[in-house]
Amino acid sequence: MKRGVLIFLACCRCAFALNPSLDINQYAHYAWTVRDGVFKGSIQAIAQTLDGYLWLGTEFGLVRFDGVRSDPWEPPSGEHLPSSNIQRLLAARDGRLWIGTGGGLASWRDGTLTDYPGLAGLNVEALLEDREGTIWAGATATPTGRLCAIQGGIAKCYGEDGSFGLGVFSLYEDSGRNLWAGAPNGLWRWKPGNPKRFSVSEQVTEINAMIDGDDGALWMAMPGGIKQLVHGKIEANTPLRSGRQFRPISLLRDRNGGLWIGTQEGLLHTHQGRTDLFTRSDGLSGDFIQNLFEDREGNMWVATRDGLDRFRDFAVPTVSVTQGLSNATVVSVLAARDGSVWLATNSGLNRWTDAQVTIYRKRNGLPDDTIESLFQDYRGRIWISTDRGIAYFENGQFIPVSGVSGRYVHSIVGDRAGNLWISHQGQGLFHLLESSVVERIAWDALGRKDWAVTLLPDPMPDGLWLGFFQGGVSYFKDGEIRTSYAGVDRLGQGQVNGLQLDRDGTLWAATESGLSRIKNGRVATLTSKSGLPCDAVRWAMEDDDHSFWLYTACGLVRIARPELDAWVADSKRTIQVTVLDSSDGVRNLARPGGYTPPVAKSTDGKLWFLTGDGVSVIDPRHIPLNKLPPPVHIEQITADRKIRWQNFSRAAASNLRLPALSRDLQIDYTALSFVAPEKVRFRVKLEGHDPDWKDAGNERKAFYNDLPPRHYRFRVMASNNSGVWNETGDSLDFSIDPAYYQTTWFRASCVAAFFALLWVLYRYRLHQIAQEFNARLEERVGERTRIARELHDTLLQSFQGALLEFQAARNLFSRRPEEAIRTLDGAISSAEGAIVEGRDAIQDLRPGSTGQTDLEHLLTTTGQELASSQDSKGNRPVFLVTVEGPPQTLAPVLQDEIYRIGREVLRNAFRHAHASRIEAEIRYDDRLLRVRIRDDGKGIDKKVQEEGAREGHWGLPGIRERAKRIGGRLTIWSEIGAGTEVELTVPASIAYAKSAGRRRFGLFRGKSEVS
């Protein structure tokens, strides 16, 4: 709460004030009872501090109340009040709350509780702050009580000598600055001057309360009634006349002069010489009144033994049976030119003049007690339709009119020429002249199957406007309908409830579908789409300031004339309206009553209209306006169902920090306007989260979920029932601590680690690429080297040998032809061998051959080719391929590598082993692929085994490299004269085609092993 608002509240005493001319039952009343559970125990004291809160002293402790919620007050930890029985409360001008208890006195301000030892153990019955700022406390005790003055925190007490007897029960400072104290032994004037006692000649002399009376007298509430001190003498007679005996307890004069008296028999209200009573039977929470209080907005609070009551002004009070009407069912209202107001009821005709009601019935000359429509003609006569006929009132008498039967006369109107028109539901339209019927027109003669609910004479062209029950408006003149408007002409649909002509001749029609405007043959209808709260309009009336008032199905609506003119200029415009609803005293009707007029404007400018429970009155020029912006307070913040901060002292939260991972956040706030708390509106904004203000309606809690850790500022503003905003509002700064993983250093570390990981992965990938490139390069170089050496060792040497033989044969042809021929044949054989060697070398380089068949077929084909080449030399070995286990599909690239290894081993066996039997075995199992090739040849020399290869040959190193590259294991066993066995094993997860994807991922490639 900002200090500027506090100063404003201290200076501006109120916005509202109760209208003293009204009875209690004409005020808005709301009751909270102890049985409702809102308060614990009866309320004995009420005060309002500068921050706007109401404080209630109960027999069980102190309660803070905002009009909606009540919060029991708890003192700071380790401290306590002298007693939980709160007897009296006083809100001082400096903002301190004084708390009088059954065990002493304490005060509360800015979070500090102060105790006053001088009154310890005493029952504090009265508290008062005089004009000089001194706090006075009256206390009782046995055998003697006290009167204490407190200044600067120091209490100075009087009465220890027993001068007050049991003590002081009441205190009062009158308009002359006299301080009065009520004690069992009499009335004391304590200052100015020396104290003086005035004795009371009664056995029970308890003075419960005092107040300024009339003509300088001092009135006292005593068990026997109201007494007064006049010229130094206490008298029993006062100007109060209640008509019954009562026992007063508390007195309060409101700021408009009305006197309120709390008694043991109910609540009394005295105004303008009239006293009315309000009791439990009228809705009061209890008859035993314990305290009265008027807050800054002018609300009257009444504390009873059984609850708490609030009274405030209605913008639209209602006059009903309590104010003297003969019946609450009023069906039409007429404002006469003499200032009186006539009301048609089911129990007679009521005439209201200066708050006095005169009732006319059949015994006074009326045809019947059931009254329907009313009208005043240009001669001032009051026309009345009843259930049994029509009459007019003139010179204090009712004169019956023949020719028109009563019952269901919906409207009576006339013009200055003496013409009178009456709309009868069953008999048609009557035309009277000088009280005689001159014409009756049936409704079907006008082309209607219904009747006119309302009539309105048009003074300009001397015609008559008719509004019909089933809808439509017609202009009648010279016995016929001249013009008609209906829904197709954009007139509002449904029953036409009322017609109104404004000063420029525009016709307004109140319909069930909006307010229609007819001007120069053009129709436009104002509806909820244009800004009305709802469409159904019961009547329309222009006030003295030319604003339009509409009675709708959802409240009483005021449209300022500039707004209406703007809509006339642009029918698509949305207008701004003021709506008065049930909280303002307006009762809504589901459908109109059917008799006219339903509304009237009296000579003082007030509007009188029907509501079903009497007649309501509004003064358009004196609508109660609550000018006080409501104080706004943030009360509590809850995180994960645990209260983290609560504000009872109004001290600002300093560095409020919520724990890490606070998920569900609830912020409670309030606005202290007690006139109509249900109409208080809020806007909230959480800076750091909300981009703009949010309309919270009447909700007094804000909820947030999963807020990230940071600093926040919660702001709230509110408006009162009149739409006056406190835009400063209140604010609360808080922060949510981060969890370790939400801290900046952790996030920075994560970012740094992420980039470091990316760098490591990048470097590792570069390393992998380099390794793969080098491996492929080495493979290509090695392959080229092997091919070159093989060509050199085989093909080139063979061709060179053949060339030498050809040269030798050439040289022999001249000398020894036969030997030359033999040499030539040998050269040819050498060339054929070179061709075979070349074919084998080329076959080693052919790609893609393995992709056409399975491994068994490839090895079989290779073995057969090699065996065929050996056959020409006459030493062909036996070759056999066996397969164990269900064959599996191999990865194409892997199968090619395995085939090349097998082919190299087979070629070595066929060419170099001189074996008689060569076998190839392929075994498929769940864990391994095993390829084993063995022969029974001469074996491999130990030196070759130790060195890993024969000098100048690259076959064995090549197959080892291939095995390592595919992640396999190569094992070679050989003994001289016992043959050789070569075994290749490859893990199934790598070898079989279904695992190829995993095999290719370089980071998880299996390791190879060669032995």
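I take buried as under 20% relative accessible area, exposed as over 50% and partly exposed as in between, with a 1.4 Å probe and protein chains only. Helices (H or I, at least four residues) and strands (E, at least two) are DSSP runs, numbered from the N terminus.

I note that the model is predicted: local features need pLDDT of at least 70, side-chain atom pairs count only at pLDDT 80 or more, and totals for chains, interfaces and linings use all residues. Residues are numbered from 1 along each chain as its sequence is written, and side-chain values use heavy atoms, with hydrogens and water left out.

I turned to helix 8 (residues 955-965), where Gly955, Leu956, Pro957, Gly958, Ile959, Arg962 and Ala963 are buried. Gly967 follows helix 8 and has a positive phi, near 80°.

**Aromatic pairs**

I recorded 41 aromatic pairs in the structure. Rings of Phe, Tyr and Trp (its six-membered ring) pair if their centres lie within 6.5 Å; planes under 30 degrees apart count as stacked, over 60 as edge-to-face and the rest as tilted.

I examined Tyr27 and Trp260: the ring centres are 5.9 Å apart and the planes stand at 35°, so this pair is tilted. Tyr27 lies in the loop between helix 1 (3-11) and strand 1 (28-33), and Trp260 in strand 23 (residues 259-263), so the pair ties together parts 233 residues apart in sequence. Tyr27 counts as buried at 3% relative accessibility, and Trp260 is buried at 0%.

I next examined Trp421 and Phe476, whose ring centres are 5.6 Å apart with planes at 80°, so the pair is edge-to-face. Trp421 belongs to strand 39 (residues 419-424) and Phe476 to strand 44 (residues 473-477), so I note a link between distant parts of the chain, 55 residues apart. Trp421 is buried at 11% relative accessible area, and Phe476 at 2%.

I also found a cluster in which ring pairs link Tyr30, Trp32, Phe39, Phe65, Trp301 and Phe674.

**Charges over rings**

I found Arg305 over the face of Phe288, 3.6 Å from the ring centre, and Arg683 over the face of Trp725, at 4.0 Å. The criterion is NZ of Lys or CZ of Arg within 6 Å of the ring centre and within 35 degrees of the ring normal.
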